[in-house]
Amino acid sequence: MISKQEQEFADLLRKTTPDCYDALRTRCGFEECPPDGVQAAHSKDSLTGEHTAAHPEHPDSRPHMAHSVRPDSRPHMAHSVRSNSRPHAARRTGRIAAIAAPAAAAAVFCLWLANSAFFLPSSIVTVDVNPSVSLELNSRNKVLSATALNEDGEQILEGMDLKGTDVTVAVNALIGAMLQSGYLTEEENSVLLSISGKNGETGEEIQSELMRSTRYAFSDSTVDGAVLSTVISDTNASISADVEALAEKYQISEGKATLAVEVASQTSSMTADDVAQMTINEINLLISSKKYTLTDLSSEGTASSEAYLTEEEAEAFVFEYSDKTREEAQYIQIGMDYNTGVVTYEVEFYIGSCKYEYEINAATGELLEWEVEWKNDMLLAIELEELEKSQNITGIGEERALEIALEHAGVDATAIVFSSTVAAYENGQEFYDVEFYTEDHEYDYKIDVVSGEILEYTYSRASYENAAG
């Protein structure tokens, strides 16, 4: 498809330097040439390959005939000198023009190509808080266009002209507008920056620059910002389709949709749809609370929890509901989670022969669910011993344990749809219990916490969706 700009350029170049444009375009490797425009004003001799003007008379024929019949020899000699010199000069001029015209055309064409690159999209950067804004960039990282992906994004872009600005300046301006509009506050302080359409090395360079620009934007405010950033790499077709559908459904960027899919793969209690409806700050809190390890995600700063109860306040609510005291409880475990659109605290502890489990609203302390499970003395002793051992396990680490399992299974990390790695103790053995799913297989590994030795593994053909259901 030939652009209007290129057609105009082609016609102009053909008019000033016939046949140069097509030859230059062919040598540059372009497959398609614009159709002939003004080139019809010139003709080409099929035998000599020389161009002649469309004028019906040859410019030298009439003066030559007028002098050839004169009886006077002197004028004839004078004419002879002129008639011999003129064609010679014309030939030299023609040679210079023949050399200079293509060179000039090549220079103009190269200049045009360089300028054209300025207008061609090269990558996309998105900024997500609750407003979502997409910036389309050229190869020089200048903004070609800014697009709001939701209503809040439209409010941020209202009256703002970012076209032609450097991406770092544009992102700085967007963060400043979100601070002024109250989308970024001391309670909601997290931002997600996503870069796509670049090769890995260049994308990481932009990522680093944007992180610095965002920190600078926060430095002029009272908000201590937290920044998540990711370079979106190529994924398989099915994952890309899921991400695109999620982004369209919830009017979010593909960067946030990708993050939602990755976070959901870390837990069986949430779907990608659940995560997609969370704010960036809620997602950031969940990642840090659950200690999720996500591919290609960088993080700076701490997600604000000022909108939520502290862990101590959550415990106080739970013990009030249970009518128990903290002093009589053992092995208290607490962590943030997300349940049906609500950020929650899950609190577990043991008293006597019973295990208590509570889930409360992390913002209000409202009791959502609770359960008390009685255990006989033998099972309780085994469970408490395993819990104590697992809480104190130190070794190669959960991340390395997962890597060992993936290497042994021959599975790439991008193929995982769910994974879980838990430190465990059983029958006198400390190990990491590693479980992960691909689209059609389930894998379970037990890996020694010190040596990384695989103690046991099983795999079977299974669907994660069926297992989770």
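The largest nonpolar core of the protein has 42 residues, and those with the most contacts inside it are Leu259, Val263, Val275 and Phe349. A nonpolar core is here a set of buried Ala, Val, Leu, Ile, Met, Phe, Trp, Tyr and Cys residues joined through side-chain atoms within 4.5 Å. Two or more residues of this core come from each of helix 8 (237–250), helix 9 (254–264), helix 10 (272–276), helix 11 (280–290), helix 12 (311–322), strand 9 (330–339), strand 10 (342–351) and strand 11 (354–361). Another core, of 30 residues, lies apart from it and includes Ile175, Met178, Leu184 and Ala217. In soluble globular proteins, nonpolar side chains tend to be buried together.

The model is predicted; local features need pLDDT of at least 70 and side-chain atom pairs count only at pLDDT 80 or more, whereas totals for chains, interfaces and linings use all residues. Residues are numbered from 1 along each chain as its sequence is written, and side-chain values use heavy atoms, with hydrogens and water left out.

Leucine 259 touches Leu192, Leu228, Ile283, Ile287, Leu294 and Leu297, residues up to four places away in sequence not being counted. A contact means heavy atoms within 4.5 Å. Among contacts in the protein with a separation of 6 or more, 52% are between residues 24 or more positions apart.

The protein contains 15 helices and 16 strands. These are DSSP runs numbered from the N terminus, helices being H or I of at least four residues and strands E of at least two. Of its 469 residues, 37% count as buried. Buried means under 20% relative accessible area, exposed over 50%, and partly exposed in between (1.4 Å probe, protein chains only). The accessible surface comes to about 26600 Å², and carbon and sulfur atoms account for 50% of this surface. Areas were computed by the Shrake-Rupley method with a 1.4 Å probe; for residues, only the protein chains shown count as cover.

Most residues other than glycine have a negative phi. Asparagine 141 counts as buried because its relative accessibility is 16%. Tyrosine 331 is partly exposed, as its relative accessible area is 22%.

Aspartate 377 lies in helix 13 (residues 377–391) and is exposed, with a relative accessible area of 59%. The C-alpha atoms of aspartate 377 and cysteine 354 are separated by 9.9 Å, the two residues being 23 residues apart along the chain.
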